[in-house]
Amino acid sequence: MTDIVVRRLLIDLGTPFERRWNGGDAFRSAWFNALSLSFPVGEQFFIDSVRNGLKTLPEAERARFAAETQGFIGQEATHRRIHALFNAQLERQGCVNTIEKRAQRRIGRMEGWDPRHAVAQTAAVEHFTAMLAHWVLSTPEALEGAEPRLATLWRWHAAEETEHRSVAFDVYRAMGGDERWRARWMRLVTFFFVTDVTRQTVRNLWHDGALLRWSTWRSAARLLFGRHGLVRRTWKPWLAYFRPGFHPSQQESRLAEQWLRENGTQFTVVRSSP
Ligand SMILES: [Fe+2]
Ligand SMILES: [Fe+2]
């Protein structure tokens with residue numbers, strides 16, 4: 001079982017930052033902003049899903065997952081708070097958050113469903129996030145020239161996503177979650193994730209005045225489809241999720257551990273498992 005530590009990040013998000021905070025690059029800034037705008041609602045959904053999932057388990061099982069799920073909930077709650085501060089700056093810049101409303105509508109439609117569906121969705125998004133995290137930590141180009149405090153924010157989040165990547169998956173298994181539904185939800189989650197983030201990125205770029213610039217789409221091609229781009233680096237771990245013996249702990253975690261070890265001055269430990 002992993003020791004999931006809750007940390008408080010020591011960065012200032014009260015001071016405004018540049019609209020193109022990510023190396024002056026319109027696309028890279030807009031794309032990371034789109035992700036951040038989806039986090040507060042998404043991470044609350046993950047917390048609620050896992051909490052509701054736990055309630056369906058027998059007492060002994062709940063006790064077995066207690067430390068892991070407390071760490072998971074503590075980390076996601078911290079991410080929500082920090083990204084809400086980041087998003088407040090984006091909103092001050094005039095950014096309009098539409099991804100949140102779409103996600104909220106979708107969550108509302110799940111009222112009364114078997115709680116395993118929400119946990120399967122959470123497990124799928126958590127794998128997605130862990131893939132993104134590994135890409136962020138292994139690809140300097142992703143945050144090249146980014147404002148240092150914001151690069152720290154993204155790398156810290158990436159490291160913690162790596163740490164807690166197995167929790168929702170393990171809870172889903174303990175709930176007797178069906179393997180076909182697990183795969184089905186990954187396909188659906190991928191579709192919604194890609195379309196929602198693309199729509200929000202396009203909106204952010206429109207607001208930035210960079211949507212129709214050649215340089216914007218050149219940067220998009222490099223970030224997403226280039227040699228170190230997201231698609232080339234994540235299609236294999238994405239496919240791995242459909243393998244019968246798959247477990248999130250099989251995914252690489254060395255870079256996350258290294259980042260946490262080398263950046264101890266950027267955070268304080270709030271709580272670690274006994
Ligand atoms: Fe998170
Ligand atoms: Fe997460």
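With a relative accessible area of 9%, Arg28 is buried; the term buried stands for under 20% relative accessible area, exposed for over 50%, and partly exposed for values in between (1.4 Å probe, protein chains only). The model is predicted, and local features need pLDDT of at least 70, side-chain atom pairs count only at pLDDT 80 or more, while totals for chains, interfaces and linings use all residues. Residues are numbered from 1 along each chain as its sequence is written, chains are lettered from A and ligands numbered from 1 in the order in which they are written, and side-chain values use heavy atoms, with hydrogens and water left out.

- Donors are N, O and S atoms within 2.8 Å of the metal (3.2 Å for Na, K and Ca), and sites may look incomplete because water is not among the atoms.
- Glu43 in helix H1 and His79 in helix H2 link distant parts of the chain, 36 residues apart. Helices (H or I, at least four residues) and strands (E, at least two) are DSSP runs, numbered from the N terminus.
- Glu43 and His79 are both buried.

**Iron ion (ligand 2)**

- The iron ion (ligand 2) lies 3.8 Å from the iron ion (ligand 1), and Glu76 coordinates both.
- Glu76 belongs to helix H2 (residues 59-92) and Glu161 to helix H5 (residues 148-163), so the pair ties together parts that are 85 residues apart in sequence.
- Glu76 and Glu161 are both buried.

**Surroundings of Ile47**

- Ile47 is part of helix H1 and is buried, with a relative accessible area of 3%.
- Leaving aside residues up to four places away in sequence, Ile47 touches Phe72, Ile73, Glu76, Ala77 and Arg80; contact means heavy atoms within 4.5 Å.

**Salt bridges**

- The count comes to 14 salt bridges, each being a side-chain nitrogen of Lys or Arg within 4 Å of a carboxyl oxygen of Asp or Glu.
- Arg7 and Glu163 form a salt bridge through their side chains (2.9 Å, N to O). Arg7 lies in strand E1 (residues 6-9) and Glu163 in helix H5, so the pair ties together parts that are 156 residues apart in sequence.
- Both Arg7 and Glu163 are buried.
- Arg20 and Asp208 also meet in a salt bridge (2.5 Å, N to O). The pair links distant parts of the chain, with Arg20 in the loop between E1 and helix H1 (26-55) and Asp208 in helix H7 (residues 179-208), 188 residues apart.
- Arg20 counts as partly exposed at 29% relative accessibility, whereas Asp208 counts as buried at 16%.
- In the salt bridge between Arg28 and Asp25, the closest N and O atoms are 3.9 Å apart.
- Arg7, Glu160 and Glu163 are joined into one network by salt bridges that share partners.
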